[in-house]
Amino acid sequence: MSNKLDNIVVVGGGTAGWMTALMVKTRIPGAKVTVIESAEVGILGAGEGTTPMFLNFLQYVGISLEDVIKNTKATFKNGLKFTNWDVNNDYYYHEFAPRIDTLNSNKMFHSLQNFGKHQIFYWLNLFNGIPKSKFDFMSMVTDYGSVPFIHAPGKNVNTSILSEYEMVGNIGVHFNASLMAVFLKKIAVERGVVWVEGKVVNVLSKDNGDIKSLVLENSDVISLDFVFDCSGLHRLLVGNHYKTEWVSSSDFLQCDSALPFFTPTDEKLPPYTECIAMKYGWMWRIPLQDRYGCGYVFDSKHITEEEAAKEIETYLGFEPTYPRKNKGAFKFDPGYYKETWVNNCIAIGLSSGFMEPLEATNIGVALINLSDSLSDLSALTRRSDYDKKYFNNQVFKLNSEIAEFLYLHYITQKTDTIFWEQFRNLDKSPKKIQPIIKSLSTSIPSVVPFSKWDAFNYSSFYQIVVGNGILNQELVKEAVTDNKFTESITFDFYKFRAFLDQEAKKCVSHKTLITELGGFKTNDLF
Ligand SMILES: Cc1cc2nc3c(=O)[nH]c(=O)nc-3n(C[C@H](O)[C@H](O)[C@H](O)COP(=O)(O)OP(=O)(O)OC[C@H]3O[C@@H](n4cnc5c(N)ncnc54)[C@H](O)[C@@H]3O)c2cc1C
């Protein structure tokens with residue numbers, strides 16, 4: 001029997017809730033879409049840095065990047081900068097991919113993209129003592145304070161300011177989450193999404209377990225055909241109502257707390273999220289147009305909130321603004337639900353899981369899950385066990401790979417505290433990545449295991465192991481000086497780097513592009 005999809009409810013008005021409402025309304029324009037949000041509960045509002053998936057979302061629902069820049073204090077993000085994660089207190093970037101179609105007019109670049117060749121470039125960088133901060137095209141662009149757009153008027157046909165540019169690399173954005181929720185809500189309501197302010201206090205179900213309606217605190221009853229649970233860390237439906245199984249990653253991901261704070265902006269406007277290794281975790285630093293949104297993610301088994309604040313203030317040399325009452329760190333159990341689609345309910349965003357903010361994956365995962373769930377509407381009406389199982393397995397695979405990849409970041413040579421030491425001796429380290437990490441001392445890992453990963457590819461893997469200093473450099477030297485290897489190199493390394501550098505220098509500065517797109521005006525910052 002086919003179920004209806006005429007009346008769709010979204011519980012929650014955070015980033016996940018409004019993204020869901022807009023995607024559903026775009027995909028099923030005839031459906032009634034209602035967002036229920038509680039002003040009393042509010043939104044989490046931490047972060048926010050995104051992956052390139054967010055730009056796909058904007059394109060799908062027809063929102064321009066200019067409008068995001070103008071309305072949410074947004075900035076561009078080329079990737080992440082990792083500071084002090086190796087023993088030399090050095091830094092490196094983990095960047096989004098360059099746009100191959102644009103750069104592949106250069107034959108050398110094209111040959112590197114062929115399967116198995118990309119790591120050769122990393123080896124040669126290491127062998128030739130190239131600074132990690134200048135390893136590849138996107139890090140060169142980033143180190144110049146630029147974003148991967150090259151001025152090329154007349155090349156594109158659309159009418160936005162960005163049409164004056166050719167995009168030569170993938171990007172995400174940083175934004176103020178509260179402003180983003182207001183911005184997306186305005187657009188959604190203009191497009192016919194119904195907004196209801198109220199707190200969900202009860203769930204009414206049919207005999208088969210499907211949710212029939214939600215009861216609000218003021219006794220209003222909201223009926224529905226299908227519901228997206230975007231209730232954030234409150235986890236109202238898939239977690240609290242259906243009580244599905246929680247998969248904790250706390251055996252190997254040790255951070256369980258995050259203390260957010262703000263610092264004043266400066267003239268730099270970096271095009272990246274900075275992740276700074278601290279004594280008992282790490283600190284994020286997200287540039288917005290009017291401030292830095294920051295936070296210390298730490299392991300509360302080793303330090304208290306007060307000690308975390310002290311360490312922050314020592315690092316900064318001043319006391320920042322703490323937006324939460326009594327400073328107030330978030331506590332979380334890193335993990336995710338084994339099943340995020342149950343009956344007529346799918347959890348999206350924090351309600352489906354949260355590992356920790358490293359690599360800023362949560363919004364990207366929400367968007368992947370949303371587009372998967374909306375790709376075949378007949379699956380949503382059929383709701384067969386097979387469809388649900390397939391979807392849940394996909395989400396589970398993605399989440400488990402992200403958790404394992406995050407763990408890789410903590411495998412360093414750092415010995416300054418017990419926090420960093422512990423990762424080398426964990427008994428319960430994750431299954432998929434553990435053998436690869438173990439093999440690092442005796443061999444250079446092959447790209448093959450990563451061909452099966454959905455979440456991150458081998459290029460990401462290389463950036464982290466090289467950056468953290470755990471790739472065995474002696475083995476790299478041996479490989480590079482091996483005759484078979486030398487014969488396989490079909491390009492001139494230095495000539496190729498010079499080409500990348502020349503292209504990187506053509507890219508527009510981050511500050512210039514934000515200004516051109518209408519950012520900065522109200523605060524007159526610089
Ligand atoms: C410290 C930290 C840093 C992060 N950094 C990043 C990052 O850089 N990048 C990234 O992608 N992700 C990040 N995340 C995750 C990111 O914050 C979320 O993915 C994003 O904000 C979406 O949140 P959400 O909409 O799921 O939840 P929320 O923003 O918390 O929204 C939940 C909504 O549910 C509503 N609600 C709850 N209970 C009820 C109820 N009973 N009745 C009615 N409404 C209810 C609330 O009112 C609210 O509107 C971070 C998370 C944390 C904790």
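## Overall size

With 526 residues, a compact globule would have a radius of gyration near 24 Å, and the protein chain comes in at 23 Å, so the two agree. Keep in mind that this is a predicted model. If you follow the C-alpha trace along its principal axes, the chain spans about 75 × 60 × 55 Å.

What is the chain built from? Counting its secondary structure gives 20 helices and 24 strands.

## How the chain is divided

Domain 1 takes in 7–48 + 176–247 + 333–405, domain 2 takes in 76–174 + 431–510, and domain 3 is 257–331.

Now look at domain 1 and domain 3: their C-alpha centres lie 28 Å apart. Domain 1 puts seven residues into the contact, and domain 3 puts in 11 residues. What kinds of residues does domain 1 use there? On its side touching domain 3 you'll find four nonpolar, two polar and one charged.

## Helices α1 and α11

Start with α1, which covers residues 15–27, and α11, which covers residues 362–375. These two pack at an angle of about 25°, and their axes are 11 Å apart. An angle under 35 degrees counts as roughly parallel, so α1 is roughly parallel to α11. The crossing here is right-handed.

Which residues do the touching? From α1 come T15, A16, M19, T20, M23, V24 and R27, and they meet I363, A366, L367, L370 and L374 of α11. Sorted by class, this contact has nine nonpolar, two polar and one charged residues.

## Helices α1 and α2

Next, bring in α2, which runs over residues 53–61. Helices α1 and α2 pack at about 45°, with 9 Å between their axes. That angle makes α1 oblique to α2. Is the crossing left-handed or right-handed? For α1 and α2 it is left-handed.

Split by class, that's six nonpolar, one polar and no charged residues.

## Helices α2 and α11

The last pairing joins α2 to α11. Their angle is about 45° and their axes sit 9 Å apart, so α2 is oblique to α11. Helix α2 passes α11 in a left-handed crossing.

Where do they meet? M53, F54 and F57 of α2 face I363, G364, L367 and I368 of α11. By class, the contact of α2 with α11 has six nonpolar residues, one polar and no charged.

## Putting the trio together

Some residues turn up in two of these contacts.

Technical notes. Residues are numbered from 1 along each chain as its sequence is written. This is a predicted model: local features need pLDDT of at least 70, side-chain atom pairs count only at pLDDT 80 or more; totals for chains, interfaces and linings use all residues. Axes are lines fitted to C-alpha atoms, for helices over the stretch in contact, and angles run from 0 to 180 degrees between N-to-C directions. Helices (H or I, at least four residues) and strands (E, at least two) are DSSP runs, numbered from the N terminus. Angles under 35 degrees count as roughly parallel, over 145 as roughly antiparallel, 65 to 115 as roughly perpendicular and the rest as oblique. A crossing is left-handed if the near helix is turned anticlockwise from the far one by less than a right angle, and right-handed if clockwise. Two residues are in contact if their C-beta atoms, placed from the backbone, lie within 7 Å. Ala, Val, Leu, Ile, Met, Phe, Trp, Tyr, Cys and Pro count as nonpolar, Asp, Glu, Lys and Arg as charged, and the others, Gly among them, as polar. Domain bounds come from an automatic or database domain assignment. The radius of gyration is taken over C-alpha atoms; the globule rule is 2.2 Å times the number of residues to the power 0.38.
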